[in-house]
Amino acid sequence: MIIVFARAPVPGEAKTRLIPKLGAWRAARLHARLALHALRTAQLADRAVELHGTRRHTFFKNLKVKFRLQRGKDLGERMHRALSKAKGPAILIGTDCPMLTPADLRRAARWLRGGCDAVLAPAEDGGYALIGLRRPRREFFQGVRWGGAHVYADTVKRLAGYRWRALRPVWDVDRPEDLERLRALRWTSRSRRGAPR
């Protein structure tokens with residue numbers, strides 16, 4: 001099972017750090033395209049896919065994929081809850097990392113099947129772009145400083161004593177300077193198909 005976590009592409013609420021550069025509407029449109037790209041990447045990994053959104057939205061209704069609402073008081077609780085509902089090993093990704101490939105997701109799934117308790121894809125900003133768990137454990141998500149540069153390091157501390165592996169480091173699309181790197185990936189024209197107008 002692969003779970004894609006996504007915000008609703010609401011202008012003023014999505015990709016807020018890019019609003020000064022793009023404006024609220026263009027930032028929301030970019031977020032929608034990133035969400036479509038993440039969903040397609042997950043589907044190409046040949047696993048069952050669910051989309052977990054922050055709220056109900058027409059964008060999500062049009063995607064023809066199983067949808068659930070995220071629930072929990074913080075990101076850690078929402079991720080733990082989502083992974084706990086999966087039957088068997090599960091992988092969770094966000095929408096901010098177009099560098100993740102279906103091969104990355106398949107590798108993570110193989111490692112989980114091979115006996116790893118956890119797999120992470122470290123992000124350059126100190127977070128992670130992917131977490132895969134053989135069995136979700138609440139302690140992996142407790143005491144983590146969400147939203148900052150310590151998420152990956154805090155999570156690694158909580159994995160002490162467990163068997164885990166890291167995928168290659170990746171980068172997120174969060175800041176204006178990330179937009180040039182995004183253009184260099186040449187993914188935007190492919191992802192634009194099916195994006196809301």
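Helices (H or I, at least four residues) and strands (E, at least two) are DSSP runs, numbered from the N terminus. The structure is a predicted model, in which local features need pLDDT of at least 70, side-chain atom pairs count only at pLDDT 80 or more, and totals for chains, interfaces and linings use all residues. Residues are numbered from 1 along each chain as its sequence is written, and side-chain values use heavy atoms, with hydrogens and water left out.

The chain contains 8 helices and 7 strands. Its radius of gyration is 16 Å, close to the 16 Å that the globule rule gives for 197 residues, so the chain is as compact as a globular protein of that length; the radius is taken over C-alpha atoms, and the rule is 2.2 Å times the number of residues to the power 0.38. The C-alpha trace spans about 45 × 35 × 30 Å along its principal axes. Of the 197 residues, 49% count as buried, where buried means under 20% relative accessible area, exposed over 50%, and partly exposed in between (1.4 Å probe, protein chains only). The accessible surface comes to about 10,200 Å², and 48% of this surface belongs to carbon and sulfur atoms; the areas come from the Shrake-Rupley method with a 1.4 Å probe, and for residues only the protein chains shown count as cover. Among contacts with a separation of 6 or more, 64% involve residues 24 or more positions apart, a contact being heavy atoms within 4.5 Å.

Grid points are joined across faces, edges and corners, and a volume is the space filled by probe spheres set on the points.

The count comes to 1 cavity of 30 Å³ or more. The largest cavity has a volume of about 70 Å³, and its lining includes Leu34, His37, Ile93, Cys97 and Pro98. Helix α2 (residues 24–44) provides the largest share of this lining, 4 residues. By class, the lining has 6 nonpolar, 4 polar and no charged residues; Ala, Val, Leu, Ile, Met, Phe, Trp, Tyr, Cys and Pro count as nonpolar, Asp, Glu, Lys and Arg as charged, and the others, Gly among them, as polar. Pro98 is located in the loop between β4 (90–93) and α5 (102–113) and counts as buried because its relative accessibility is 8%.

The largest pocket holds about 1,100 Å³ of space. Its lining comprises 38 residues, of which Arg17, Leu75, Asp96, Asp172 and Asp174 lie nearest the centre. Strand β6 supplies the largest share, 4 residues. In this lining, 15 residues are nonpolar, 9 polar and 14 charged.

Lys15 has a positive phi of about 50 degrees and belongs to the loop between β1 and α1 (19–22). Asp46 has a positive phi of about 60 degrees and lies in the loop between α2 and β2 (49–53). Lys15 is buried, because its relative accessible area is 10%, whereas Asp46, at 58%, is exposed.

Technical notes
On a 1 Å grid over the protein atoms alone, a cavity is a set of points where a 1.4 Å probe fits but cannot get out, and a pocket is an open set with protein on both sides within 12 Å along at least five of seven lines; lining residues have an atom within 4 Å of a point.
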